[in-house]
Amino acid sequence: MPLERPCAPDLLAVARATLLDEVLPALPEPQRFAARMVANAIGIAAREAALAGDACTALVARAAALTGEAADPLRALAAAIRAGAFDPGTERHAEAARLLKDLARLRCSVSAPKALGGG
């Protein structure tokens with residue numbers, strides 16, 4: 001829950017819109033690419049702030065439950081995958097595959113929502 005309104009995602013959205021609608025058109029052509037990169041970074045940060053909080057916490061908790069590692073469950077998940085702990089045919093393969101799919105979907109919803117048909 002945000003402490004104040006407007007919240008961070010809203011502030012970032014306003015900053016991005018101002019950059020694209022007001023600042024970018026006034027820039028000389030050589031600086032426009034850099035301004036677009038900044039606008040894209042602001043968009044990613046805004047989506048992450050809006051989407052990733054609770055969903056990320058829930059996915060990290062699932063990784064902790066799957067690996068038994070609370071300190072750094074995503075690192076533990078990667079190590080377990082490299083070690084073959086969740087290879088096809090293992091007891092928790094399907095659970096690990098669902099978690100990986102959900103992690104990938106969350107990351108994509110933040111960094112490349114168009115790939116999911118959104119944003």
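Trainee: Why is S109 called buried?
Mentor: Its relative accessibility is 16%, and buried means under 20%, so S109 falls on the buried side of the cut-off. Do keep in mind that this is a predicted model.

Trainee: Where does S109 lie, and which residues does S109 touch?
Mentor: S109 is part of helix α4. Leaving out residues up to four places away in sequence, S109 touches R47, L51 and L116.

Trainee: Which residues of α4 are buried?
Mentor: Besides S109, the buried residues of α4 are A96, L99, L103, L106, C108 and V110.

Trainee: How do you know that the reach of α4 is close to what is expected?
Mentor: Compare the two values: α4 has 19 residues, and its first and last C-alpha atoms are 27 Å apart, close to the 27 Å expected at 1.5 Å a residue.

Trainee: What makes up the largest nonpolar core?
Mentor: Ten residues: L59, A63, L66, L77, A80, F86, A96, L99, L103 and L106. Two or more of them come from each of α2 (29–67), α3 (73–82) and α4 (93–111). The most come from α4, with four residues. Apart from this core lies another one, of five residues, including L19, L24, A35 and A39.

Trainee: What is A80 in contact with, leaving aside its neighbours within four places in sequence?
Mentor: A80 is in contact with A85 and F86. The cut-off for such a contact is heavy atoms within 4.5 Å.

Trainee: How do you know that the buried residues of α3 are on the same side?
Mentor: Start with the residues themselves: P73, L77 and A80 are the buried ones in α3. They cover an arc of only 65° around the axis, and therefore they sit on the same side of α3. An α-helix has 3.6 residues a turn, so residues three or four places apart point the same way. On the other side of α3, R75 and R82 are exposed. Just after α3 comes G84, with a positive phi of about 85°.

Trainee: Why is R75 called exposed?
Mentor: The relative accessibility of R75 is 60%, and exposed means over 50%, so R75 qualifies.

Trainee: Why is the pair of R75 and D72 called a salt bridge?
Mentor: Their side chains meet at 3.1 Å, N to O. The cut-off is within 4 Å, so this pair counts as a salt bridge. D72 has 34% relative accessibility and therefore counts as partly exposed. Side chains of opposite charge can pair when their charged atoms come close.

Trainee: How many salt bridges does the structure hold?
Mentor: There are four salt bridges. One of them joins the side chains of R62 and D102, at 2.7 Å, N to O. R62 belongs to helix α2 and D102 to helix α4, so this pair ties together parts that are 40 residues apart in sequence.

Trainee: What makes R62 and D102 partly exposed?
Mentor: R62 has a relative accessible area of 32%, while that of D102 is 30%.

Trainee: Why is D21 called exposed?
Mentor: D21, in helix α1 (residues 8–23), has a relative accessible area of 57%. Exposed means over 50%, so D21 is exposed. From D21 to L103 there are 82 residues in sequence and 33 Å in space, C-alpha to C-alpha.

Trainee: How does the radius of gyration of the protein chain stand against that of a compact globule?
Mentor: The protein chain has 19 Å, but a compact globule of 119 residues would have a radius of gyration near 14 Å. Its C-alpha atoms fill a box of roughly 60 × 35 × 25 Å along the principal axes.

Trainee: What pattern does the protein chain follow along the sequence?
Mentor: The pattern is α-α-α-α, with four helices and zero strands. Of the 119 residues, 22% count as buried.

Notes
Residues numbered from 1 in each chain as written. Predicted model: local features only at pLDDT ≥ 70, side-chain atom pairs only at ≥ 80, totals over all residues. Heavy atoms only, no water. Core = buried A, V, L, I, M, F, W, Y, C linked by side-chain atoms within 4.5 Å. Buried < 20%, exposed > 50% of the residue type's maximum accessible area, 1.4 Å probe, protein only. Arc of directions from axis to C-beta. Expected span 1.5 Å × (residues − 1). Rg over C-alpha atoms; globule rule 2.2 N^0.38 Å.
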